[in-house]
Amino acid sequence: MTVPRLAELIRRRGPAVALTGAGISTESGIPDFRSPTGIWAQYDPQEYATLEAFLADPGKVWSFYALRFRALTEAEPNAGHLALAELERAGHVRAIVTQNIDLLHERAGSRDVVEVHGSIRTSSCLRCGERQTLSEVLSLVEESGMPRCRACGEPLKPDVVFFGELLPQAAIDRAYELARSTGVLLVVGSQLEVWPVSLLPDETVQAGGEVAIVNKGPTSFDARAGVKIDGGAGETLTALVGELA
């Protein structure tokens, strides 16, 4: 499958809704989670990414997230992020549903971004509900290693979805509404393994839409996709912008 075929599909059935995963951000130097060299090959998610782990030892969990927050804030949007923002400005992409927590779509200029796994934008106190911004949290991490609520002193929890937590209801509801209402769901950089986001392509197809996939390597939906391009997000989406210009 080629980029011109993808462009023709978006012209015919668009504007598309984009669904992005870790594979788009690896081109900004951010490691993925599930590959042999990914984050979970180095850290046990049961020890660092569950609510139970946080409640048992928030300092240990923050020893992981402090490093990750620094890496994410130092990363820059890559060509894939910039291309999606351009496609949105041109009217070819309606919205972006992302599994990523890194804010790179927003920084690239995308305006309608649905963050189904939360983001590093804020961290919150589970006791009193106080919420603090990324810049405040980074300052607190520099001071003590583990940010605490300025109101009550309890450890702050990153506003990202831990294993076992429910996804933000408003975000997942919007993601499903977008998947059902679009003529094209453009999956970028996701193997479609994580539930319930992995079900979004089914929602699109059942509602009469088509699925296009841009990903290095196979996904669980390849056999049912109208277009599958095995390639990088930056190169492919930049070429798509040119085709649709």
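**Entry 1: the cavity**

I began with the lining of the largest cavity, whose residues divide into three nonpolar, three polar and four charged. I counted Ala, Val, Leu, Ile, Met, Phe, Trp, Tyr, Cys and Pro as nonpolar, Asp, Glu, Lys and Arg as charged, and the others, Gly among them, as polar.

I note that this is a predicted model, where local features need pLDDT of at least 70 and side-chain atom pairs count only at pLDDT 80 or more, while totals for chains, interfaces and linings use all residues. Residues are numbered from 1 along each chain as its sequence is written, and side-chain values use heavy atoms, with hydrogens and water left out.

Rolling a probe the size of a water molecule over the atoms shows where empty space is left. I took a cavity as a set of points, on a 1 Å grid over the protein atoms alone, where a 1.4 Å probe fits but cannot get out; lining residues have an atom within 4 Å of a point. Points are joined across faces, edges and corners, and the volume is the space filled by probe spheres set on them.

How many cavities of 30 Å³ or more are there? I found one. The largest cavity holds about 40 Å³ of space. Its lining is made of T98, N100, D102, L103, L104, H105, E106, V113, E115 and R121. The elements giving two or more residues to this lining are α7 (104-108) and β3 (113-115). Helix α7 gives the most, with three residues. For these names, helices (H or I, at least four residues) and strands (E, at least two) are DSSP runs, numbered from the N terminus.

**Entry 2**

Strands of a sheet pair through backbone hydrogen bonds, either parallel or antiparallel. I called two strands paired if DSSP finds at least two bridges between them.

I traced an open sheet of six strands in the order β3-β2-β1-β7-β8-β9, with parallel pairing. Strands β3 and β9 (227-229) stand at the edges with a single partner each, so one side of each has no neighbour in the sheet. Neighbouring strands are turned by 15° against each other on average, direction ignored. The axes for such angles are lines fitted to C-alpha atoms, for helices over the stretch in contact, and angles run from 0 to 180 degrees between N-to-C directions.

Strand β1 (residues 16-20) runs parallel to β2, and five bridges join them. T20 stands opposite T98 in β2. On to the next pair: β2 (residues 93-98) pairs with β3 in the parallel sense over three bridges. I96 is opposite V113 in β3, and V97 is opposite V114 there.

Why is β2 largely enclosed by the rest of the structure? Five of its six residues are buried. I used under 20% relative accessible area for buried, over 50% for exposed and partly exposed in between (1.4 Å probe, protein chains only).

**Entry 2: the three-stranded sheet**

I then looked at an open sheet of three strands, ordered β5-β4-β6, with antiparallel pairing. Strands β5 (131-133) and β6 are at the edges, each with a single partner strand, so one side of each is left without a neighbour in the sheet. The twist here averages 35° from one strand to the next. Strand β4 (residues 118-125) pairs with β5 in the antiparallel sense over three bridges. The bridge partner of S123 in β5 is Q132.

**Entry 3: cysteines**

I looked for disulfides (a pair of cysteine sulfur atoms within 2.5 Å). The structure holds zero of them. C125 is in none, and the nearest cysteine sulfur, that of C152, is 3.5 Å away. That is too far for a bond. C125 is buried at 4% relative accessible area, whereas C152 is partly exposed at 30%.

I also located G153, in the loop between α8 (134-144) and β6 (156-160). G153 is partly exposed, at 27% relative accessibility. G153 and R127 are 26 residues apart in sequence and 9.4 Å apart in space, C-alpha to C-alpha.

Most residues other than glycine have a negative phi, and most peptide bonds are trans. Which bond from G14 did I list as cis? The peptide bond from G14 to P15 is cis, with omega near 5°. P15 lies in the loop between α1 (3-13) and β1. A cis peptide bond also joins W195 and P196, with omega about 0°. P196 lies in the loop between β7 (184-188) and α10 (200-206).

L192 lies in the loop between β7 and α10. Its phi is positive, about 60°, although L192 is not a glycine. L192 is buried at 4%.

L103 has a positive phi near 70°. This residue is in the loop between β2 and α7 and is buried at 13% relative accessibility. I had already listed L103 in the lining of the largest cavity.

Definitions and conventions. On a 1 Å grid over the protein atoms alone, a cavity is a set of points where a 1.4 Å probe fits but cannot get out, and a pocket is an open set with protein on both sides within 12 Å along at least five of seven lines; lining residues have an atom within 4 Å of a point.
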